[in-house]
Amino acid sequence: MAIIVALAWGAGLYALRRDLRLAWREPCLRRPVLVFEGDDWGYGPLDQVAALHALTRVLSRHADAQGRHPVMTLGIILSGPHPARPEDLEHGLDLDDPALAPVLEAIRAGVARGVFSLQLHGMQHYHPAVLERAMQQDAALQAWRWHPLPCTEDLPAPLQSRWTDASVLPSRPLPRADVAQRARAEVELFQRVFGRIPAVAVPPTFVWNDAVEAAWADAGVIAIVTPGERYERRGADGLPEDTGRFYRNGERSDGGLVALVRDDYYEPVRGHGAGRGLAALDRKWAQRRPLLLETHRANFVGRHARLADSLEALDSLLEQALRRRPDLCFVSVEALAHAYGGADADRLFDHRPWPRARALPARLLTTGRRRKLSLALVATTILVVLSAYI
């Protein structure tokens with residue numbers, strides 16, 4: 001029996017050799033880290049102004065042991081339909097237009113307070129030519145663009161993917177030259193609006209490809225937020241399709257960007273309470289990885305938003321997280337990206353062998369193939385041991 005177990009584990013470890021190597025090499029945190037990842041802010045209704053100021057107040061009420069406030073990254077959308085010419089999706093209203101000045105001022109106030117950190121989410125949360133083609137067949141889509149400063153969250157999910165042609169399903173690739181030009185243009189607009197090149201980019205709906213990565217890297221972006229894998233198109237059912245390309249924190253992407261993993265969600269409008277966020281924090285700390293907790297503007301702004309409830313949920317999560325984990329650390333995703341790239345890494349990461357070994361089992365049980373294979377090894381061992389006593 002011992003020989004069978006040894007052979008089973010030997011075969012399993014051989015199959016997992018690459019995953020074991022990557023899991024071992026991924027840096028281990030010294031302390032638990034929590035960052036809120038807020039997508040879809042920027043272009044949109046002026047209701048954002050009150051929500052952004054309220055978020056600034058809630059986040060400013062809390063601090064870690066080093067005195068740092070919790071950070072919510074804002075995934076910035078830079079442009080959308082212009083109220084004066086909504087028929088022209090290609091040339092919209094940009095975030096630095098006077099009509100959106102109150103939104104931009106609220107964003108900058110949160111950055112100055114140290115509770116907002118800005119990331120590039122996209123020029124638009126759609127591809128203008130793709131959306132235009134889809135609109136030719138859909139009256140409801142036509143009506144959407146005539147709303148004043150419409151929420152892009154109200155578009156069908158496939159059409160919110162900027163880097164694939166989802167006007168038909170399954171989606172089709174976009175020309176590489178078009179992708180590269182648009183990726184460069186949105187970095188340039190971000191720099192015009194905020195006076196700096198974005199350090200971090202977040203692909204809309206996590207559908208993107210190596211052409212996007214390469215163009216962002218050439219334009220000066222240093223990091224990309226991923227869900228731990230890459231999707232490049234939408235399937236016939238409209239859902240993102242897995243490519244089999246996986247990422248770990250600090251790994252270099254195909255385009256040369258530092259990859260960070262965001263695969264936990266906190267959406268109060270969907271009933272997510274503090275317990276869900278705390279469970280995610282425990283899980284990530286067992287892996288010695290940072291918790292990038294995804295949330296969206298739709299929790300705070302728009303027709304489905306419950307601003308007061310969402311703010312209360314955020315406040316409660318922070319209060320309980322700090323009580324349960326007094327060593328909790330608040331940093332931005334940009335700071336994490338620099339740390340994984342080697343800057344100030346010793347402050348955040350523990351390089352000793354024992355923390356790596358302790359985190360290894362939890363790290364292997366995180367994505368599909370690894371989870372199935374690891375569980376199969378455990379099940380095989382249990383069955384063989386039980387058979388010895390039957």
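Q: Before that, what kind of model is it, and what are the ground rules?
A: It's a predicted model, where local features need pLDDT of at least 70 and side-chain atom pairs count only at pLDDT 80 or more, while totals for chains, interfaces and linings use all residues. Residues are numbered from 1 along each chain as its sequence is written, and side-chain values use heavy atoms, with hydrogens and water left out.

Q: OK, the core. Which residues in the largest nonpolar core touch the most other members?
A: Leu74, Ile76, Leu78, Leu95, Phe194, Trp216 and Leu336, out of 104 residues in that core. A nonpolar core here is a set of buried Ala, Val, Leu, Ile, Met, Phe, Trp, Tyr and Cys residues joined through side-chain atoms within 4.5 Å. Buried means under 20% relative accessible area, exposed means over 50%, and partly exposed is in between (1.4 Å probe, protein chains only).

Q: And which helix gives the largest share of this core?
A: Helix α7, residues 176–194, with nine residues. Helices (H or I, at least four residues) and strands (E, at least two) are DSSP runs, numbered from the N terminus.

Q: What does Phe194 touch?
A: Ile76, Leu78, Leu95, Leu104, Ile107 and Leu118, if you skip residues up to four places away in sequence. Contact means heavy atoms within 4.5 Å.

Q: Switching to helix pairs. How do α3 and α10 cross?
A: The axes of α3 (48–60) and α10 (307–324) come within 10 Å and cross at roughly 20°, so the two helices are roughly parallel. Axes are lines fitted to C-alpha atoms, for helices over the stretch in contact, and angles run from 0 to 180 degrees between N-to-C directions. Angles under 35 degrees count as roughly parallel, over 145 as roughly antiparallel, 65 to 115 as roughly perpendicular, and the rest as oblique.

Q: What sits in that contact between α3 and α10?
A: From α3 you get Ala51, Ala54, Leu55, Val58 and Leu59, meeting Leu307, Leu311, Leu314, Asp315 and Leu318 of α10. That splits into nine nonpolar, no polar and one charged. For those classes, Ala, Val, Leu, Ile, Met, Phe, Trp, Tyr, Cys and Pro count as nonpolar, Asp, Glu, Lys and Arg as charged, and the others, Gly among them, as polar.

Q: What about α9 against α10?
A: The axes of α9 (274–286) and α10 come within 9 Å and cross at roughly 40°, which makes α9 oblique to α10. Ala274, Gly277, Leu278, Leu281 and Asp282 of α9 meet Ser316, Leu317, Gln320, Ala321 and Arg324 of α10. This contact divides into five nonpolar, three polar and two charged.

Q: New topic: is Arg289 buried or exposed?
A: Arg289 is buried, at 8% relative accessible area. It's in the loop between α9 and β13 (291–296).

Q: What does Arg289 touch?
A: Beyond residues up to four places away, Arg289 touches Glu26, Leu29, Arg248, Asn249, Lys284, Arg363 and Thr366. The C-alpha atoms of Arg289 and Arg363 are 8.8 Å apart, though 74 residues separate them along the chain.

Q: And where is Arg233?
A: In strand β9, residues 229–234. Arg233 is partly exposed, at 35%, and its contacts include Thr164, Pro170 and Glu241.

Q: Last one: what about Ala166?
A: Ala166 is buried, at 6%, in the loop between α6 (139–144) and α7. Leaving aside neighbours within four places, Ala166 contacts Val130, Pro158, Leu159 and Ser171.
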